[in-house]
Amino acid sequence: MKIIESILQQMPGISQPQKKFSITLFSTILLVYGKVNFTNLSRYSYLSEKTYRRHFLKSFNFPQFNQYFLESALNPEHTVIAVIDCSFLSKSGHKTDGKGYFYNGVAGKSEQGLEISVISIVEIESRLSYSLSVQQTPSRPQIKSVKKTATKSEELLV
């Protein structure tokens, strides 16, 4: 966890309680068996579920954190490139936020689900990819067909 502590020290605008929480969060994620949610995180650490919920309401600059991490982890002699890729996640149900029609490359057509855009750094020599940022693609509002009614001028022509 020394590398995480040094990265958090470099990041501006992070309070001491947020640094302490982040270190606890990252180490607990490695320990959790099963799904990583607030309930399971509280079972495997000394923090309560309410504390996790409260801290997740605050913003955290993950792309900057990942950038600092990659700068310290990557070999400076290796060639790196940035890549962008969209991934499709199939979802069903009516209450999934952002669900819409997106292109699914596996199926070769648009399907209902979620789409995420990933920006990664690829180290050419080792053929390893490191995610820098992940963003959910917003869905377009669905246009419902409206039944056309005849106007007064059209009714007079009939």
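Me: Which helix holds Gln 18?
Reply: Happy to start there, with the reminder that this is a predicted model. Gln 18 touches Gly 13, His 55, Lys 58, Ser 59 and Phe 60, leaving aside residues up to four places away in sequence. The helix in which Gln 18 itself is found is H2.

Me: Is Gln 18 buried or exposed?
Reply: A residue is called buried when its relative accessible area is under 20%. Gln 18 has a relative accessibility of 9%, so Gln 18 counts as buried.

Me: How many residues of the lining of the largest pocket are charged?
Reply: The pocket itself holds about 150 Å³ of space. The lining divides into six nonpolar residues, four polar ones, and a charged count of one.

Me: Where is Thr 28 found, and is it buried or exposed?
Reply: Thr 28 is found in helix H2, which covers residues 16-31. Its relative accessible area is 3%, and the cut-off for buried is under 20%, so Thr 28 is buried.

Me: The backbone oxygen of which residue lies 2.6 Å from a polar atom of the side chain of Thr 28?
Reply: Leaving out residues up to four places away in sequence, Thr 28 touches Leu 41, Tyr 44, Ser 45 and Tyr 52. The backbone oxygen at 2.6 Å from a polar atom of the Thr 28 side chain belongs to Thr 24.

Me: What is the relative accessibility of Tyr 52?
Reply: Tyr 52 lies in helix H4. Residues up to four places away in sequence aside, Tyr 52 touches Phe 21, Thr 24, Leu 25, Thr 28, Phe 38, Leu 41, Ser 42, Ser 45 and Leu 47. Tyr 52 counts as buried because its relative accessibility is 0%.

Me: What separates the C-alpha atoms of Tyr 52 and Ser 42?
Reply: Ser 42 is among the residues that Tyr 52 touches. The two are ten residues apart along the chain, and their C-alpha atoms are separated by 7.7 Å.

Me: Is Arg 127 buried or exposed?
Reply: Arg 127 has its place in the loop between strand E3 (109-123) and strand E4 (128-136). Its phi is near 60°, a positive value in a residue other than glycine. With a relative accessibility of 75%, and a cut-off of over 50%, Arg 127 counts as exposed.

Me: How many helices and strands does the protein have?
Reply: From the N terminus on, the elements run α-α-α-α-α-β-β-β-β-α. The secondary structure therefore comes to six helices and four strands.

Me: Which helix has the lowest confidence?
Reply: The protein averages a pLDDT of 87, and 89% of the residues score at least 70. Confidence is highest in helix H4 (residues 49-56), at a mean of 95. Where pLDDT is low, the predicted coordinates should not be read in detail. The lowest confidence, at a mean of 57, is in residues 152-157, helix H6.

Key. Residues are numbered from 1 along each chain as its sequence is written. This is a predicted model: local features need pLDDT of at least 70, side-chain atom pairs count only at pLDDT 80 or more; totals for chains, interfaces and linings use all residues. Side-chain values use heavy atoms; hydrogens and water are left out. Helices (H or I, at least four residues) and strands (E, at least two) are DSSP runs, numbered from the N terminus. Buried means under 20% relative accessible area, exposed over 50%, partly exposed in between (1.4 Å probe, protein chains only). A polar contact is a pair of N or O atoms within 3.5 Å; within protein, one must be able to donate a hydrogen and the other to accept it, and residues adjacent in sequence count only if both atoms are side-chain atoms. Contact means heavy atoms within 4.5 Å. pLDDT is the predictor's confidence in each residue, from 0 to 100. On a 1 Å grid over the protein atoms alone, a cavity is a set of points where a 1.4 Å probe fits but cannot get out, and a pocket is an open set with protein on both sides within 12 Å along at least five of seven lines; lining residues have an atom within 4 Å of a point. Grid points are joined across faces, edges and corners, and a volume is the space filled by probe spheres set on the points. Ala, Val, Leu, Ile, Met, Phe, Trp, Tyr, Cys and Pro count as nonpolar, Asp, Glu, Lys and Arg as charged, and the others, Gly among them, as polar.
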